[in-house]
Amino acid sequence: MNKFVICSAILCLLRSCGAPSEKPENVSESEEESVLDYVDPNIGTAHSRWFFYTPGAVPFGLAKLGPSTNGSYGNESGWEAVGYDSRHNSIEGFANLHEFQIGGFLFTATTGELQTVPGSLENPDEGYRSRFDKKDEVATPGYYKVKLKDYDVVTELTATKRVGFQKYTFPESDSSHIILDIGNQLGESGEVKDASVTFNDDNTIEGWVTTYPEYVKKYQPEGEVSMYFYGKLSKKPKAVGTFNGEEKFKDQKSITGKGAGLFLDFDTQANESIEIKAGFSYTSLENARLNFKTEAENLDFREALSAARSTWSAELNKIKVKDSSFENKKKFYTGLYHALLGRGLASDVNGNFPENDGSIGEIPLDENGSPEFNFYNTDSVWGAFWNLTQLWTLAWPDYYNDFVQSHLAVYKNSGWLADGLANSKFVSGVGTNFVGLIMASAYQAGIRDYDVELAFKAAYENEVKYKNRNEGAGKTDLKGFIENGYVPYVPGWETSPEGSGFSVSHTLEYSYSSYAVAQFAKSLGKDKEYEELMELSKNWENLYDETTDFVRPKLASGKFIEDFDPFAPWEGFQEGNAWQYTFYVPHTPEKLVNKMGEDKFVKRLDSIFTVSEKTKFGGEDIDAFAGLTYLYNQGNQPNLHISWLFNFTDHPWLTQKWTREIGNKFYGVEEVHGYGYGQDEDQGQLGAWYVMSSIGLFDVKGLVETNPSFQLGSPIFDEVEIKTGGGKSILIKTTNNESDAYYIQSIKLDGDNYNSLQISLDKLLEGSELEIEMGNAPNKSLFKDV
């Protein structure tokens with residue numbers, strides 16, 4: 001079957017399932033087919049994180065709507081996979097907010113006898129949840145639709161930046177209900193401390209919830225997270241009541257307290273639709289109302305949907321790929337979709353945002369009265385320099401700049417750089433805090449619309465300051481790294497100024513981030529800080545055991561631990577092992593190659609990938625940590641640069657081979673096999689890695705050099721056009737690029753022969769054209785004289 005027939009069949013299938021037929025304004029059919037219809041949000045939804053599945057959202061938005069199958073089940077450690085799982089067959093409702101450690105406001109619709117608890121997956125009839133069929137489900141960028149079988153209600157979702165739209169189409173019934181479950185735990189939100197919901201006489205609804213997420217509890221114990229909403233219904237209910245658990249209070253329009261909820265009763269005709277549109281805020285009820293009125297007061301569901309799809313089309317079209325492989329384009333655009341979906345807006349239309357100390361911050365306004373930047377929530381940026389920030393640098397530099405501004409706002413308020421942000425509260429992913437590196441990389445990439453001196457001060461302190469450090473700001477074991485040249489190994493799971501159970505990985509990571517901020521210092525002419533940080537960047541060598549050529553935990557006494565097992569995770573290594581972390585010297589890979597010896601380095605690394613190919617480069621267990629005891633684990637951040645290290649040896653064609661194989665085998669287009677098998681996609685990181693790898697550009701050093709460059713890999717598409725933030729175009733064309741043609745034969749840059757493994761970021765951003773001839777055997781002499 002040819003490509004046209006395949007595409008047409010899939011498009012017909014989508015539309016037969018009830019996908020929206022309306023077209024965004026000024027977007028052609030061909031653009032629709034090449035972008036939105038190549039995105040499948042359901043890829044990788046088995047065992048996915050809370051923030052992963054939010055089809056009813058716009059890029060980088062605050063309102064993120066999606067179905068919940070087990071979001072009410074709790075989240076004991078704060079990171080377990082809850083929310084939506086494609087293996088489940090019932091839906092408890094539709095959540096409006098999905099971020100790292102943030103979840104709130106479950107809405108749903110039912111008919112028949114009113115129930116006010118969600119019920120269980122095992123027995124949906126215990127509560128208001130409903131069974132559903134996959135054939136009745138549609139998910140595309142900006143839109144979700146499903147039929148709740150138990151109630152014969154069709155639900156549709158879409159959103160603007162700060163306003164969520166839910167549309168319920170009912171059967172004929174004198175007992176139709178809309179349920180607003182406000183005061184119960186949802187996703188990663190943690191324990192609910194208090195909540196309130198009210199129905200007003202003008203047919204509006206409003207409420208709030210305050211939660212205590214597990215990561216906030218751990219890293220900023222006095223902190224809490226509050227969320228607010230204000231909305232309006234398209235039809236006035238015939239009756240209103242409140243509930244708390246199974247206890248119902250008829251004819252009551254307001255309720256406060258943990259467990260608070262509201263139900264609205266209607267008489268409905270067959271196929272009658274009732275819409276709810278609700279504005280959200282993380283600062284106040286007043287700002288939720290302002291966000292609602294500014295973005296959506298005169299907008300209906302259809303108009304919001306058209307705008308959302310148009311926005312997604314415009315953003316995804318910033319990178320256009322041409323190819324005969326439908327599957328590769330599906331992987332590419334779904335990966336790009338996830339990269340643009342995560343780490344969402346947290347500021348209001350007037351520039352208000354939640355401060356770390358609990359107050360409300362104010363972003364300065366420009367001459368037009370608009371906030372000078374947007375403030376964003378974010379998971380930690382562990383590994384983001386090998387995927388997200390490289391992508392942002394090329395095509396979304398304004399977002400990258402706002403990301404830096406967000407962290408600087410928290411630094412100004414608290415005195416520390418946060419590792420991750422949940423409404424400005426300290427939340428840490430793994431405690432290594434690479435935010436200083438991310439700032440250094442932004443500066444080197446020319447992204448500098450912020451207080452540069454303040455950014456350097458924050459980044460520098462992040463590498464060297466450890467006294468009285470807040471644990472949520474990361475690097476609590478920095479003392480040993482600074483004073484003794486490495487983090488001492490202390491058995492267990494804790495990290496403190498005395499050492500860490502993850503001592504080796506932390507030492508390697510701090511060495512890398514020290515190097516990055518050293519280059520920042522060099523660019524600013526800060527010689528003293530540059531020399532200090534460059535010395536720290538060499539500390540990785542203190543844990544390199546030359547008798548085994550592995551990095552190895554070392555006790556405070558200066559002795560390596562005995563009974564060392566290079567396969568063992570968690571013993572000196574965070575979410576990895578010595579086989580994986582020995583290659584974690586991204587700032588100076590040439591020195592690592594020389595220390596191990598080039599021949600041994602290449603043979604070891606090549607054999608690792610040869611063996612790992614049999615497990616699809618990360619294991620086939622449905623688990624976020626499936627590959628921790630393996631030789632290699634594409635499903636976790638410490639490994640994401642390793643396949644690119646051959647570019648620093650005399651075997652660069654092995655980078656071309658193995659990055660292509662990883663893209664083919666680790667990444668899939670199924671609900672279970674999407675990003676590995678149920679592995680942790682971490683707000684777009686694994687998707688963004690595929691995007692960068694498939695276009696053949698990647699920087700092992702994370703763009704932290706004073707003149708950053710991308711290394712070349714194996715571009716899989718016939719043509720790629722990247723529209724840069726500066727309005728220029730990067731064009732990458734390939735010839736002879738068959739499915740087994742992994743290897744670069746020749747390169748032309750702007751029409752001239754080019755034989756370097758690297759191309760500078762500056763050259764790309766000024767607008768460049770790469771012509772790359774591919775083949776099914778390596779050209780081993782191409783880069784010989786470079």
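**Charged residues and salt bridges in the predicted model**

Glu367, Glu372, Asp398 and Asp449 form a negative surface patch (patch residues have over 30% relative accessible area and no salt bridge, with like charges joined within 9 Å). Asp398 belongs to helix α8 (residues 397-414) and counts as exposed because its relative accessibility is 63% (buried means under 20%, exposed over 50%, partly exposed in between, with a 1.4 Å probe and protein chains only). The model is predicted, local features need pLDDT of at least 70, and side-chain atom pairs count only at pLDDT 80 or more. Residues are numbered from 1 along each chain, and side-chain values use heavy atoms, without hydrogens and water.

The structure holds 42 salt bridges (a side-chain nitrogen of Lys or Arg within 4 Å of a carboxyl oxygen of Asp or Glu). One of them joins Glu671 and Lys134 at 3.3 Å, N to O. Glu671 lies in the loop between α17 (653-665) and β28 (673-674) and Lys134 in the loop between β5 (130-131) and β6 (138-140), so this pair ties together parts that are 537 residues apart in sequence. Glu671 is partly exposed at 27% relative accessibility, as is Lys134 at 32%.

In another salt bridge, the closest N and O atoms of Lys600 and Asp549 are 2.7 Å apart. Lys600 lies in helix α16 (residues 598-612) and Asp549 in the loop between β26 (544-545) and β27 (550-551), so the pair ties together parts 51 residues apart in sequence. Asp549 is buried, at 8% relative accessibility, whereas Lys600 is partly exposed, at 36%.

A network of salt bridges links Arg49, Glu188, Asp680 and Asp682.

How values were computed
Patches are made of residues with over 30% relative accessible area and no salt bridge: like charges are joined within 9 Å, nonpolar side chains (Val, Leu, Ile, Met, Phe, Trp, Tyr) within 5 Å. Accessible areas come from the Shrake-Rupley method with a 1.4 Å probe; for residues, only the protein chains shown count as cover. Lys and Arg count as positive and Asp and Glu as negative; His and the chain ends are not counted. The place of a charge is taken as NZ of Lys, CZ of Arg, CG of Asp or CD of Glu. Helices (H or I, at least four residues) and strands (E, at least two) are DSSP runs, numbered from the N terminus.
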